[in-house]
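Hello,

Here is the structure I promised to pass on. Please look it over first, then read my notes below.

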Amino acid sequence: MLLPESVLLSGPVVVLAAFVAVNTVMYGALAIGKLLPKVYLSDWIAPRNKRSESRSIYPAPDAAPLRGPGGPVRRDDQQHAPVDDGDPDLLDSVP
């Protein structure tokens with residue numbers, strides 16, 4: 001042994017050993033906590049200040065169905081010009 005048994009069992013060394021043990025467990029718990037994903041309290045508790053309906057200038061997909069000259073228009077086609085496929089009704093509707 002490096003130190004005699006009487007020194008290892010003395011009061012200050014036992015207190016130091018207990019401190020090191022608690023410190024090691026705490027740093028281990030913190031390291032494991034860093035590996036886990038973050039948990040937000042707001043995900044578990046419903047907010048009290050949430051609006052009952054959206055006030056966005058963009059309607060929800062199920063709130064107002066979009067209709068084009070040939071039927072429903074997909075959301076990603078809204079920004080594109082109509083394609084000339086020979087349909088006279090489609091060409092008349094373009095400003």
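**What was found**

The chain averages a pLDDT of 75, and 61% of the residues score at least 70. pLDDT is the predictor's confidence in each residue, from 0 to 100. This is a predicted model, where local features need pLDDT of at least 70, side-chain atom pairs count only at 80 or more, and totals for chains, interfaces and linings use all residues. Residues are numbered from 1 along each chain as its sequence is written, and side-chain values use heavy atoms, without hydrogens or water.

The chain has 3 helices and 2 strands. Their order is α-α-β-β-α. Helices (H or I, at least four residues) and strands (E, at least two) are DSSP runs, numbered from the N terminus. Confidence is highest in helix α2 (residues 11-35), at a mean of 96. Strand β1 (residues 67-68) has the lowest, at 54.

How much of the chain is buried? Buried residues make up 2% of the 95 residues. Buried means under 20% relative accessible area, exposed over 50%, and partly exposed in between (1.4 Å probe, protein chains only). L3 lies in the segment before α1 (5-8). L3 is partly exposed, at 42%.

Best wishes
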